[in-house]
Structures are given as C-alpha cells and as structure tokens.
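Biologist: I am new to this structure and would like to learn how to read it. Could we go through it feature by feature?

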Amino acid sequence: MKKLTAMYLICFLALALSGCGKSSDLNKEDKKSDYAQAADVLKTVADSYTQEERFAMYGGDQEHAVMDEPGKFDISKQEEMEEALGLPTELASDIEDAASMVHMMNGNLFTGAAYRLKSSTDTDHLAQAVKGVLREKQWICGQPDTMTVIDVDGVYVITAYGEAQIMETFKKKAMSVFKDAKIVIEAPIV
C-alpha cells in the first residue's frame, strides 16, 4: 500500500510540475511588455531622475499637453509627430501608441518619445528613418547635439534628441531602469 501511495504521489508531482512548466511558457509568450502604454515607459525614466537631474517638462501633443510629466501623444497627428518628435509620417502606421517628454525651455535641449510598435515593425529601419528626419530638419533656436534610439523590450522603442549632457543622463537612466534595453542607434546630429 505504501509503494502504491508513493507511486501515485510521484506521478501526481510529475504531472503537476510539467503543467507548471507549460503554464510558465505560455505566460512568457503572452507577455509582450511590462508597460500598458507608451507614457508609462517615459514616466519610468522620468521617475528615476533625482531632484537635481529633473528638468521642467511637458508631455503629449499640443492639444492634450500635460505639465511636469510625460504624456500621451495622439498618433493621428502624424505631421505634428514628425515635426516635434522626428517620426517620419510614413512610419506612423507602424506604431500603436505614442508618448512624449519635452524640455519646457526648448525642445532642442531635450525631446523624447516612446512608441509601442506593431509586431511587424523593423526597429532598425525606424531608427535610421528618425535619424534621417533629424539630420535634415531645419532647426530654430539652436541645433541638438545628439540623438539615440533605444529598444526597451522588443515592444516599445524610445527616440530622443537634445543637448549632449542631458542626453547622456537620459540614456543612463533609461538603460538602468529597463533590464532588457538595447541602444539601436546613437549618432550626432550634424
């Protein structure tokens, strides 16, 4: 009887453990990102700033701007997205959600955007396209020093441009708060 009970217990544990493994695999496949929306991605970076590092900012598009934090950017405003954030209008159909974080003094000091990409979007192509827009833009009130594109988790991408020191702080903060982040491109704006 003890052997039968022990065998039953072993079979039960083996089935239970194999079920747990499958459940875990399914959860990995179902989980796309830890972030519900693009604004959450930028808020995560902004919230990691110390009081001394934080700068006056606003977020969102012109119609729905929010003060002192990143905000949702209406993706139907394609021309504004290209002009303000550097995302080419022809790539607007490759994103599902967007947010922005802009320096209050001057967007050329710092402008950051987060995009939730559609699964078919080529991140490298998007990065090169943003770089092209920023390099060809006619700047007013000073030209930004550098730009970067960061793949946050395979679902969200951050693009940012601005003054070198502000950009360096932003990049360090982003790379420290996102465990799987990778720099896709980093280049001077000349």
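Modeller: We start with what counts as an element: helices, of at least four residues, and strands, of at least two, are DSSP runs numbered from the N terminus. With that naming, Cys-141 is found in the loop between helix H4 (123–136) and strand E6 (146–151). Keep in mind that this is a predicted model.

Biologist: How many helices and strands does the chain have?

Modeller: There are 5 helices and 8 strands in the chain. Along the sequence they follow the pattern α-α-β-β-β-α-β-β-α-β-β-α-β. Of the 190 residues in the chain, 42% are buried. Taking contacts between residues at least 6 apart in sequence, 63% join residues at least 24 apart.

Biologist: Is Cys-141 buried or exposed?

Modeller: The cut-off for exposed is over 50% relative accessible area. Cys-141 has 61%, so Cys-141 is exposed.

Biologist: Which residues does Cys-141 touch, leaving out those up to four places away in sequence?

Modeller: Cys-141 touches Asn-106 and Asn-108. Asn-106 is 35 residues from Cys-141 in sequence, while their C-alpha atoms are 7.9 Å apart in space.

Biologist: Where does Asp-68 lie?

Modeller: Asp-68 is in the loop between strand E2 (66–67) and strand E3. Asp-68 is not a glycine, yet its phi is positive, about 65°. Its relative accessibility is 53%, so Asp-68 counts as exposed.

Biologist: Now the helices. Which residues of H2 are buried?

Modeller: The general idea is the turn of the helix. An α-helix has 3.6 residues a turn, so residues three or four places apart point the same way. In H2, the buried residues are Ala-38, Ala-39, Val-41, Leu-42, Val-45 and Ala-46. They cover an arc of only 155° around the axis, and therefore lie on the same side of H2.

Biologist: What do the buried residues of H2 pack against?

Modeller: Their partners are the strands E1 (57–59), E3 (71–72), E4 (95–103), E5 (110–117) and E7 (156–162), together with helix H5.

Biologist: At what angle do H2 and H5 pack?

Modeller: Helix H2 (residues 38–47) and helix H5 (residues 164–177) pack at about 110°, and their axes are 9 Å apart. Angles of 65 to 115 degrees count as roughly perpendicular, so H2 is roughly perpendicular to H5.

Biologist: Which residues meet where H2 and H5 pack?

Modeller: From H2 come Leu-42, Thr-44 and Val-45; from H5 come Phe-170, Lys-173, Ala-174 and Val-177. The residues of this contact divide into 5 nonpolar, 1 polar and 1 charged.

Biologist: In which sense do E4 and E5 pair, parallel or antiparallel?

Modeller: E4 and E5 pair in the antiparallel sense, over 7 bridges. Together they form a hairpin with 6 residues between them.

Technical notes. Residues are numbered from 1 along each chain as its sequence is written. This is a predicted model: local features need pLDDT of at least 70, side-chain atom pairs count only at pLDDT 80 or more; totals for chains, interfaces and linings use all residues. Side-chain values use heavy atoms; hydrogens and water are left out. Axes are lines fitted to C-alpha atoms, for helices over the stretch in contact, and angles run from 0 to 180 degrees between N-to-C directions. Angles under 35 degrees count as roughly parallel, over 145 as roughly antiparallel, 65 to 115 as roughly perpendicular and the rest as oblique. Contact means heavy atoms within 4.5 Å. Ala, Val, Leu, Ile, Met, Phe, Trp, Tyr, Cys and Pro count as nonpolar, Asp, Glu, Lys and Arg as charged, and the others, Gly among them, as polar. Buried means under 20% relative accessible area, exposed over 50%, partly exposed in between (1.4 Å probe, protein chains only). The arc is that of the directions from the helix axis to the C-beta atoms. Two strands pair if DSSP finds at least two bridges between them.
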